[in-house]
Amino acid sequence: MQRAVEHRIGVQAPAEIVWEVISDFAAWKDWNPIHPRMEGELRIGTPMVVEVVIGDAPPVTIQPIVQDWVPYEQLHWRTKRLRGLVTAIRYIEIDKKGDQNAIFSNGELFMGPLVRFVSRDERRRLRAAYTRMGEAVRDRAEAIWSQRQNNPI
């Protein structure tokens, strides 16, 4: 059994700009409403340090493992819950639609024998958080793209 939460949003900026926003971990604190701290390397199997803020809950620091990453396309990390009986794959994906637009997706896939304990209420809170993050990525990427178009190097 699996459960998933996802948000997708169109971005009027090149996929490369969206990736630039995602891959600049040091700047996440400046724009990311749910992950204000992100540290680590983009290398499969390496641990990361991620601060998570969902709704009004206090911040939680997690140490996921990089599951997969493809430059300009995706970043996935894995955590375990309930003594390892639930695996959560957090994903961030970019789908290039044209030279100046993309779809940004972010979400989480839950699997394992105790996945039924990932409640509907938790999934609702996560969906709202991932929507805020998607909108923040879109706004930051579009602002960067607009600035670069108006001030070419």
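**View 1. D121 is partly exposed in this predicted model, with a relative accessible area of 36%.** Salt bridges with shared partners link D121, R124 and R125 into one network. In general, side chains of opposite charge can pair when their charged atoms come close.

**View 2. R43 and E41 are joined by a salt bridge.** The closest N and O atoms of the pair are 3.0 Å apart. R43 has 46% relative accessibility and counts as partly exposed. E41 is partly exposed too, at 45% relative accessible area. The structure holds nine salt bridges.

**View 3. D95 and K97 form a salt bridge through their side chains.** The N to O distance is 3.1 Å. D95 is partly exposed, with a relative accessible area of 33%. K97 reaches 52% relative accessibility. Exposed means over 50%, so K97 counts as exposed.

**View 4. The largest pocket has a volume of about 510 Å³.** Its lining comprises 24 residues. Closest to the pocket centre are V52, V60, I62, R81 and E108. Strands β4 (60-62), β6 (74-81) and β7 (86-98) each supply at least two lining residues, and so does helix α3. The largest share, five residues, comes from β6. By class, the lining has 14 nonpolar, three polar and seven charged residues.

**View 5. L82, L85 and F117 form a nonpolar patch on the surface.** Together the three residues have about 290 Å² of accessible area. F117 is placed in the loop between β8 (101-111) and α3 (120-150). The relative accessible area of F117 is 51%. That value is over the 50% limit, so F117 counts as exposed.

**View 6. A4 and G107 are 103 residues apart along the chain, with their C-alpha atoms separated by 7.3 Å.** A4 lies in strand β1, which covers residues 2-11. The relative accessible area of A4 is 45%, and this residue is partly exposed.

Conventions. Residues numbered from 1 in each chain as written. Predicted model: local features only at pLDDT ≥ 70, side-chain atom pairs only at ≥ 80, totals over all residues. Heavy atoms only, no water. Patch = residues over 30% accessible without salt bridge, like charges linked within 9 Å, V, L, I, M, F, W, Y side chains within 5 Å. Areas by Shrake-Rupley, 256 points an atom, 1.4 Å probe, with all protein chains shown as cover. Salt bridge = Lys/Arg side-chain N within 4 Å of Asp/Glu carboxyl O. Helix = DSSP H or I, 4+ residues; strand = E, 2+ residues; numbered from the N terminus. Buried < 20%, exposed > 50% of the residue type's maximum accessible area, 1.4 Å probe, protein only. 1 Å grid on protein atoms, 1.4 Å probe; cavity = no way out; pocket = protein on both sides within 12 Å on 5 of 7 lines; lining within 4 Å. Points joined across faces, edges and corners; volume = space filled by probe spheres on them. Nonpolar A, V, L, I, M, F, W, Y, C, P; charged D, E, K, R; others polar.
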